Amino acid sequence: MLHITNGESVIHSFAAAHIDGAYLSWLDVLYEGPVPDLPHEALAGVRARAISELGWGEEAGVRNAFAARDAALASFHDHGGDEIVLWFEHDLFDQLQLIQALAWFADQDLGGTQLSLVYIAAHEQIPALLPERRPVTADQLSLGRAAWKAFCAPDPRAIVELLSPHSFRDLSPLPFLGAALRRWLEEYPSTQNGLSRTEQQLLEAAASGKRDRAAIFLASQQKEESIFLGDSSAWLRLNRMTEGPAPALHKTAPEQYSLTPFGNRLLAGEADWIRSRGGIDLWLGGVHLAGLDAAWRWDGDRRILTGRTPT
């Protein structure tokens, strides 16, 4: 067997549980940086550069890791491996990796290799979950490919249409995908103040008196229905909100933050985060928000994505 999962922590659980077979991490944090609609190999180069620019690894090393991942995938099914098992959780981090993997497998001739899927409920249950794996269906492959195409599209309406109750797509083959993508849309700048939902929650935590970045992060996570974004992504957002001509946070120590008067104005809906910075340059999947204003914003009251004319 080849076991594919989200990262090294689950692989450690595989080893500790003596799960038989080879292990492979998908590696990528797909909700950070550009994910344009490109062929798999070309996208790996874009992603390696993005991860390097985030400070999470040297570009050459990340490129090599992606190349090794893809070589392991190809060599396993090319040489008659018996089974590939996908192990993924319900959160956005895993669901994006899952649909990328399914999109890749949808374009492969697996021959006699069985492709299976396990949803991880808890790492301590991993040995018990293996017998519960199920063969990946044609509907799951098709939905994975369509969802990945929508995530990489330059227009977010592709995701909106996928999630629409009037869509011809049945999301039930991937039962956690809809909730993950709906939460993803809330990362678009708000119509109220230009903050994403995560940025809003981080500022609210600071306004409540939290100072340490770990405490701020945990307070933000408590407002989520499930785990959303990792701590490294939270640190990126906290640091971003200390920058620019009108910072929302003041960094009082390497891992300490306090709310600025402008941050209070943002939370009160009296200012706009994008306009205060003179514009935006942000990738959300395949969508590049750039210019004096965001072309797309999230209306939390109506729970819809709305287009705006940049000014």
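A crossing of two helices is called left-handed if the near helix is turned anticlockwise from the far one by less than a right angle, and right-handed if clockwise. This is a predicted model, in which local features need pLDDT of at least 70, side-chain atom pairs count only at pLDDT 80 or more, and totals for chains, interfaces and linings use all residues. Residues are numbered from 1 along each chain as its sequence is written, and side-chain values use heavy atoms, with hydrogens and water left out.

Select helix 4 (92-106) and helix 6 (residues 138-152), where helices are DSSP runs (H or I, at least four residues) and strands likewise (E, at least two), numbered from the N terminus. Helix 4 passes helix 6 in a left-handed crossing, and on the helix 4 side the contact (heavy atoms within 4.5 Å) includes Leu-96, Ile-99 and Phe-105, while Gly-144, Trp-148 and Phe-151 are among the residues of helix 6 that take part.

Stay with helix 6 and colour Leu-143, Ala-146 and Cys-152, which are among its buried residues, buried meaning under 20% relative accessible area with a 1.4 Å probe and protein chains only. The buried residues of this helix pack against several elements, including helix 2 (40-53) and strand 4 (114-119).

Now move to strand 1 (residues 2-5), from which Leu-2 and Ile-4 point one way and His-3 and Thr-5 the other, all of them buried. Strand 2 (residues 22-25) pairs with strand 1 in the parallel sense over four bridges, pairing requiring that DSSP finds at least two bridges between the strands. Leu-2 stands opposite Ala-22 in strand 2 and opposite Ile-84 in strand 3.

Terms used: Buried < 20%, exposed > 50% of the residue type's maximum accessible area, 1.4 Å probe, protein only. Expected span 1.5 Å × (residues − 1).
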